[in-house]
Amino acid sequence: MLSKTVESALNKQIRIEAESSQVYLAMAVWAEVKGLEGISNFMYDQSDEEREHMLKLIKFVNERGGHAHISELNAPDVSFNSFQEMFEKLLEHEIFVSQSINELVHITFEEKDYATNNFLQWYVSEQIEEEATARTILDKINMIGDDKGGLYLFDRDIQQINVQTAVNTPAGE
Ligand code: FEO
């Protein structure tokens, strides 16, 4: 059974994951309109992953005797000055999500809720991976800068990053 404190903290995270899905959906659309299909597909996949993160939390809250809250969402940024800026925002956003997960883990310790603490360990690992991926991409984008040819090649490369992530993360996790 969840305490009200843990339930409300989990519900806050449900909203953050839902908003993350929207953040990446807006990035996917922006990249697609700009004609960069690889980057766009990467962002669509990220958006789907965030929805999975949200659903996993929803199921957990309901299974533990709570009531998952489906709330209104803040609107994401829908346009960017450059791909560099977009990927900087991606990394910033993942760092923000990691902080939020850390706070959530902290609350479960305070509330002595070790079941939820154990459940959240998956999110802790996931955040390490997501931040690492975002950093790798940003490093590459920073090297390319405004070079159109470089961006074109990167648009093909990013498909590989997708594949590698998929291989390292078995379906359903
Ligand atoms: Fe679900 Fe990328 O945080």
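**View 1. A nonpolar patch on the surface of the predicted model is formed by Leu 25, Val 29 and Val 33.** Together, these three residues have about 260 Å² of accessible area. Val 29 lies in helix α1. Is Val 29 partly exposed or buried? Its relative accessible area is 39%, and because burial requires a value under 20%, Val 29 is classed as partly exposed.

**View 2. Helix α1 spans residues 4–33.** The helix has 30 residues. From its first C-alpha to its last, α1 reaches 44 Å, which is close to the 44 Å expected at 1.5 Å a residue. After the helix comes Gly 35, which has a positive phi, near 85°.

**View 3. The largest nonpolar core of the model has 25 residues.** Within this core, the residues with the most contacts are Ile 39, Met 43, Phe 83, Met 86 and Phe 87. Five helices, namely α1, α2 (37–63), α3 (83–110), α4 (114–144) and α5 (148–168), each supply at least two of the core residues. Which helix provides the largest share? That share, six residues, comes from α1. In soluble globular proteins, nonpolar side chains tend to be buried together.

**View 4. Phe 87 is shown with the residues that it touches.** Leaving aside residues up to four places away in sequence, Phe 87 touches Ile 39, Phe 42 and Met 43, as well as Ile 137, Leu 138, Ile 141, Phe 154 and Ile 158.

**View 5. Another core lies apart from the largest one.** This core has 21 residues, including Ile 16, Val 97, Val 105 and Tyr 123.

Conventions. Residues numbered from 1 in each chain as written. Predicted model: local features only at pLDDT ≥ 70, side-chain atom pairs only at ≥ 80, totals over all residues. Heavy atoms only, no water. Helix = DSSP H or I, 4+ residues; strand = E, 2+ residues; numbered from the N terminus. Expected span 1.5 Å × (residues − 1). Core = buried A, V, L, I, M, F, W, Y, C linked by side-chain atoms within 4.5 Å. Buried < 20%, exposed > 50% of the residue type's maximum accessible area, 1.4 Å probe, protein only. Contact = heavy atoms within 4.5 Å. Patch = residues over 30% accessible without salt bridge, like charges linked within 9 Å, V, L, I, M, F, W, Y side chains within 5 Å. Areas by Shrake-Rupley, 256 points an atom, 1.4 Å probe, with all protein chains shown as cover. Salt bridge = Lys/Arg side-chain N within 4 Å of Asp/Glu carboxyl O.
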